[in-house]
Amino acid sequence: MIESRELVLSWPGGATLRYPDIRLEAGETLLLRGPSGSGKSTWLALVAGLLTPTGGWLTVHGVQPNTLPQAARDAWRSRTVGFLPQGARLSPALTVADNLKLVAFASGHTPDPAHEQRLIDRLGLQTLLGLRPHQLSGGQALRVALARALLPQPAVLLADEPTASLDDDNARQAMCLLHEQAAQQGSTLVVATHDQRAVQALPDARTLWLEGGA
Ligand code: ADP
Ligand code: MG
């Protein structure tokens, strides 16, 4: 469950973002919508415990991430949160296979080879494993980033503008896979987007509208 009350983030010398209250049950899907600059990426970073609120409070699966000491917070994040960053952000020097291996190395989580193979098969990555990120299309890179986010079987999956650089077919496929995989793992899914195609792909999702900072 993700719950927030009077959540505020003031960027030093910049915008103050005030968020509407939300209570999202485990396994629900949320569309985080609003124009560019309205605070969608910042909200995801707050939920992932990458930023500390300057006001209000936020709990993510029973934990207030900002109250944890740094090391405990990092460990909590790698166990709990799968993050699909805007533009995939794979490690450019590593092959797809090594990008996936890096997850276990970086998070200390024990690899589950059966789960990994299932993701590789379902996301169509088998023939891509030896390639480097610059050799991938946008849709392929996103599928690799999705596998990377899902490897630790996170309770919460956060996707930042997942369809931004994709054509219509790939955008539809990406949203379908995101939703399917989150449902299969029982993960709470949050998709930050201002893309109508992403919105249409999740007709049953709840929506949190952001208006922007002041
Ligand atoms: P969105 O993802 O909806 O486009 P962001 O969360 O990226 O919005 O940004 C919301 C606002 O927060 C921006 O308009 C900007 O004023 C401020 N902001 C975002 N990132 C930073 C930063 N690193 N430093 C200072 N201000 C920032
Ligand atoms: Mg953003």
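A: Happy to: V81, F83, V103, A106 and R148 lie nearest the centre of the largest pocket, and they belong to a lining of 19 residues. The biggest share comes from α3, with five residues. Helices (DSSP H or I, at least four residues) and strands (E, at least two) are DSSP runs numbered from the N terminus.

This is a predicted model, in which local features need pLDDT of at least 70 and side-chain atom pairs count only at pLDDT 80 or more, while totals for chains, interfaces and linings use all residues. Residues are numbered from 1 along each chain as its sequence is written, chains are lettered from A and ligands numbered from 1 in the order in which they are written, and side-chain values use heavy atoms, leaving out hydrogens and water.

The space in the largest pocket comes to about 560 Å³. A pocket here is an open set of points on a 1 Å grid over the protein atoms alone, where a 1.4 Å probe fits and protein lies on both sides within 12 Å along at least five of seven lines; lining residues have an atom within 4 Å of a point. Its volume is the space filled by probe spheres set on the points, which are joined across faces, edges and corners. By class, the lining holds 10 nonpolar, five polar and four charged residues. Ala, Val, Leu, Ile, Met, Phe, Trp, Tyr, Cys and Pro count as nonpolar, Asp, Glu, Lys and Arg as charged, and the others, Gly among them, as polar.

Helix α2 also holds A75. With a relative accessible area of 32%, A75 is partly exposed; the cut-offs are under 20% for buried and over 50% for exposed, with partly exposed in between (1.4 Å probe, protein chains only). A75 and S107 are 32 residues apart in sequence, and their C-alpha atoms are 7.2 Å apart in space.

The loop between β5 (55-60) and α2 contains H61. H61 is not a glycine, yet it has a positive phi of about 50 degrees. H61 counts as partly exposed because its relative accessibility is 29%. Another loop, between α4 (113-122) and α5, holds R132, which is partly exposed at a relative accessible area of 35%. From R132 to A192 there are 60 residues along the chain, and 27 Å separates their C-alpha atoms.

Now for the ligand. W11, A15, L17, P35, S36, G37, S38, G39, K40, S41 and T42 are around ligand 1, where a residue is near a molecule if one of its heavy atoms lies within 4 Å of it. The shell is made of four nonpolar, six polar and one charged residues. Helix α1 (residues 40-47) gives the most to this shell, with three residues. In α1, seven of the eight residues are buried, so the helix is largely enclosed by the rest of the structure. The buried ones are K40, T42, W43, L44, A45, L46 and V47. Just after α1, G49 takes a positive phi of about 70 degrees.

Some polar contacts (pairs of N or O atoms within 3.5 Å; within protein, one must be able to donate a hydrogen and the other to accept it, and residues adjacent in sequence count only if both atoms are side-chain atoms) tie in here. A backbone N or O atom of G37 is 2.7 Å from an oxygen atom of ligand 1. For a polar backbone atom of G39, the distance to a ligand 1 oxygen is 3.0 Å, and for one of S38 it is 3.3 Å. On its own, ligand 1 has 550 Å² of accessible area, and the protein covers 60% of that; these areas come from the Shrake-Rupley method with a 1.4 Å probe.

One more loop is worth a visit. E161 sits between β7 (156-160) and α6 (168-185) and is buried, with a relative accessible area of 11%. Although E161 is not a glycine, its phi is positive, at about 45 degrees. The side chains of E161 and H194 make a polar contact at 3.0 Å.
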